Amino acid sequence: MGLLEQCEAAFGTAGLYQVLDVRREASGHEIRRGYHRLSLRVHPDRAAPDRKEEATRHFQLLGKVYAVLSDQDQRALYDEQGIVDEESEALSQDRNWEEYWRLLFKKITIKDIEDFEKKYKGSEEELADVKAAYEDFKGDMGQIMESVLCVDYTDEPRIRKIIQEAIDSGEVPAYKVFVKESKQKMNARKRRAQEEAKEAEKTREELGLGDGEDDLKALIQSRNKDRKKEIDDFLAQMEAKYGNNSKKGGKKTAPKKAKK
């Protein structure tokens, strides 16, 4: 099965531009940003164990799509004839696509995260991400809070206000699970978040850790596998947000199928 057929099966479209959700006339920067956004969403490190194989396959496909569209000759061939040179070096079966991805994105620091959070909160990008998460998760506030970047339980009233205003203006539908969510469920979510915050602080204090990057690494190593994965997932997403020359990143929400 060729690349176009694989894309049709995985993403619901054989169009390479549609897969990356960019215009046919997109610049190289736009194509790169589209690849950043979508590859992050399906990165195998973020997938549940039972979906890791599928995520790996989708991640590899996105790498191939980007390899074609970022190569001038390959893109010209695709644009002119609607075909892909399956024998090209760009689509080599031996290529390590995760290593290829890492080469495109620089490692980030704790300062990068802090600087990003200051700019992100209250921005148009955050507003768009909150609305997208609301629609992706059909109003489930628990999943929304886990999905949107840089938020904790203290942000929930602010996030709720953003969503309610979007509902009132008709931008998004009024899902019953959001509008009618019980106080009991809200309080349970808040307690759980507070307990996790206390656990993290206790661990930090027990280890005598500060706020430096090395201290964060030590904290990650000291915690159990699930908690470590949560932090790793966040750092992986921020790497994509801060990819070389990339000013904006993508959403953390689950991917939608590209339109034909």
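This is a predicted model: local features need pLDDT of at least 70, side-chain atom pairs count only at pLDDT 80 or more; totals for chains, interfaces and linings use all residues.

Analyst: Here is the close look, followed by a few spots further along the chain.

Residues are numbered from 1 along each chain as its sequence is written, and side-chain values use heavy atoms, with hydrogens and water left out.

Let's start with helix α1, residues 3-11. Helices here are DSSP runs of H or I with at least four residues, strands are E runs of at least two, and numbering goes from the N terminus. The buried residues of α1 are Leu3, Leu4, Cys7, Ala10 and Phe11; buried means under 20% relative accessible area, exposed over 50%, and partly exposed in between, using a 1.4 Å probe and protein chains only. Looking down the axis of α1, these buried residues fall within an arc of 130°, so they line one face of the helix. That arc is taken from the directions running from the helix axis to the C-beta atoms. As background, an α-helix has 3.6 residues a turn, so residues three or four places apart point the same way. The cover over the buried residues of α1 includes α2 (16-20), α4 (52-69) and α5 (72-81). Just after α1, Gly12 has a positive phi of about 80°.

Now the core itself. A nonpolar core is a set of buried Ala, Val, Leu, Ile, Met, Phe, Trp, Tyr and Cys residues joined through side-chain atoms within 4.5 Å. The largest one has 25 residues, and Leu3, Leu16, Leu20 and Leu69 have the most contacts inside it. Two or more residues each come from α1, α2, α3 (28-41) and α4, with α4 giving the largest share, 7 residues.

Zooming in on Leu20, and leaving aside neighbours within four places in sequence, its contacts (heavy atoms within 4.5 Å) are Ile31, Gly34, Tyr35, Arg37, Leu38, Leu62, Val65 and Leu69. Ile31 sits in helix α3 and counts as buried at 1% relative accessibility. With the sequence neighbours within four places again left out, Ile31 is in contact with Tyr17, Leu20, Val22, Ala26, Tyr66, Leu69 and Arg75. The C-alpha atoms of Ile31 and Val65 are 9.9 Å apart, although 34 residues separate the two along the chain. By contrast, Asp21, in the loop between α2 and α3, is exposed with a relative accessible area of 56%. Phi of Asp21 is near 60°, a positive value in a residue other than glycine.

Arg189 counts as buried at 9% relative accessibility. Its side chain makes polar contacts with the side chains of Glu156, at 2.6 Å, and Glu181, at 2.8 Å. A polar contact is a pair of N or O atoms within 3.5 Å; within protein, one must be able to donate a hydrogen and the other to accept it, and residues adjacent in sequence count only if both atoms are side-chain atoms. Not counting residues up to four places away in sequence, Arg189 touches Met141, Gly142, Met145, Glu156, Arg160 and Glu181.
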